[in-house]
Amino acid sequence: MTLDKVNNRLFIGHHGNSRYDIYQLDDAGLPARRHADHGIGRSLIGRGFAFAPLGNIYLNFPANASFDSSTQRLFVPDNSSLGPPGYRIMVFDADPDTLAELQRGELPQAMGVLGQPNFDTWDPGSGPAKISGRGIALVAEDRQLLFYSDRNNNRVLIWDIHPDRFESGMDAMFVLGQPDFDSIEPGIGPDRVTNPSFLAYDPNEQNLFVMDGGNNRVLIFDASPESLESGMSAYGVIGQESFFSNAPRQSLRKIAMGPMSLDHQYHRLFVGEAFGNRMLAINVDPDSLAG
């Protein structure tokens, strides 16, 4: 799920139906209507399980999208777990006025794609403009950056998505977890990751939290403009005693891989555990991290 904080709308990914549904919320944060107002990727009526052709309209098993409320754009990883299309991040103009112009039964067309050179390509790869499978998208609205965990390539890509500079098929600006855009080997240490997944960003402290699932830890990067660069080292680690430890959890006070959410107002990082049936709240106050 992802939230439009300007127009008070909730975007819910229907993975099996290959679409994102848009629900209008009321002043209490509850659905204003029992039905979705619009669907992105497939029609609201019927199931979309069957594979669709390439292009700029259809999605296949999408998940882990992120919404940029400041520009009303939805960034949707198009899943590639079972076949084409995939290996791409579709970008839709989801402004309410734009959606209101659609005819009955008409689906919105994507305005751009990342991870592939164009809408008609789904070839996995590495480098600054390709991705190699499913991942997590996260928009930093204050910076107009898109973070993406390119799991199969053991890295996190960072794009400049400002409307004045955004181009379909464009190169990422930076890569984390690898020394350069052409390296994809798993690793450990403060500057390497193995199978990264969930992401969280603190707009106040400008920290990026990366769930490094293959190493049983969360890395903390200083993503401020003056510090952010390709191949940089994390300055903090959660879940391990050091940057060079990746031991499986042996204490219930340690984390296991799962979704993350950050309460940046009170400096709390929430980490969920699907198989542990619990949610951990971790103090990530800057003073605590510095210690």
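Biologist: Why is Arg19 called buried?

Modeller: The relative accessible area of Arg19 is 7%. Buried means under 20%, exposed means over 50%, and partly exposed lies in between, with a 1.4 Å probe and protein chains only. Arg19 is below the limit, so it counts as buried.

Biologist: What are these values based on?

Modeller: This is a predicted model, in which local features need pLDDT of at least 70 and side-chain atom pairs count only at pLDDT 80 or more, while totals for chains, interfaces and linings use all residues. Side-chain values use heavy atoms, without hydrogens and water, and residues are numbered from 1 along each chain as its sequence is written.

Biologist: What makes the link between Asp21 and Arg19 a salt bridge?

Modeller: The N to O distance between the two side chains is 2.6 Å. A salt bridge needs a side-chain nitrogen of Lys or Arg within 4 Å of a carboxyl oxygen of Asp or Glu, so this pair passes. Asp21, at 2% relative accessibility, also counts as buried.

Biologist: How many salt bridges does this rule give?

Modeller: The count is 13. One of them joins Arg73 to Asp68, with the closest N and O atoms 3.3 Å apart. Arg73 and Asp68 are both buried. Elsewhere, salt bridges link Arg249, Glu273 and Arg278 in a network.

Biologist: In what ways are Arg9 and Asp4 linked?

Modeller: Their side chains form a salt bridge of 2.9 Å, N to O. Asp4 also has Arg9 in β2 as its bridge partner. Both residues are buried.

Biologist: How do you know that β1 and β2 pair?

Modeller: Two strands pair if DSSP finds at least two bridges between them. There are three between β1 and β2 (residues 9–14), so they pair, and they run antiparallel. A strand here is a DSSP run of E of at least two residues, a helix is a run of H or I of at least four, and both are numbered from the N terminus.

Biologist: Which sheet has β1 in it?

Modeller: An open sheet of four strands, in the order β1-β2-β3-β4, with antiparallel pairing. β1 (2–4) and β4 (38–40) are called edge strands, as each pairs on one side only.

Biologist: What makes β8 largely enclosed?

Modeller: Four of the five residues of β8 (residues 110–114) are buried, so the rest of the structure largely encloses this strand. β8 pairs with β7 (residues 88–93) over four bridges in the antiparallel sense. Among the residues of that pairing, Phe92 has Ala110 as its partner in β8.

Biologist: Where does β13 stand, mostly covered or mostly open?

Modeller: Mostly covered: six of the seven residues of β13 (residues 196–202) are buried. Five bridges join β13 to β14 (residues 207–212), and the two strands run antiparallel. Pro196 has Asp212 as its bridge partner in β14.

Biologist: What lies between β13 and β14?

Modeller: Four residues, and the two strands form a hairpin. In the turn, Gln206 has a positive phi of about 60 degrees.

Biologist: Why is Met211 called buried?

Modeller: Met211 lies in β14. Its relative accessible area is 1%, so Met211 counts as buried. Setting aside neighbours within four places in sequence, Met211 is in contact (heavy atoms within 4.5 Å) with residues including Phe198, Arg217, Ile255, Gly258 and Val271.

Biologist: Where is Gly258, and which residues does it touch?

Modeller: Gly258 is in the loop between β16 (236–238) and β17 (260–263). It touches Phe198, Met211, Val271 and Gly272, not counting residues up to four places away in sequence. At 5% relative accessibility, Gly258 is buried too.

Biologist: What makes a space a pocket?

Modeller: On a 1 Å grid over the protein atoms alone, a pocket is an open set of points with protein on both sides within 12 Å along at least five of seven lines; a cavity is a set where a 1.4 Å probe fits but cannot get out. The largest pocket holds about 950 Å³, the space filled by probe spheres set on points joined across faces, edges and corners.

Biologist: Which residues lie nearest the centre of the largest pocket?

Modeller: Met1, Thr2, Ser66, Leu138 and Ser261, out of 28 lining residues. A lining residue has an atom within 4 Å of a point. The elements giving two or more residues to this lining are β1, β5 (66–68), β9 (137–140), β13 and β17.
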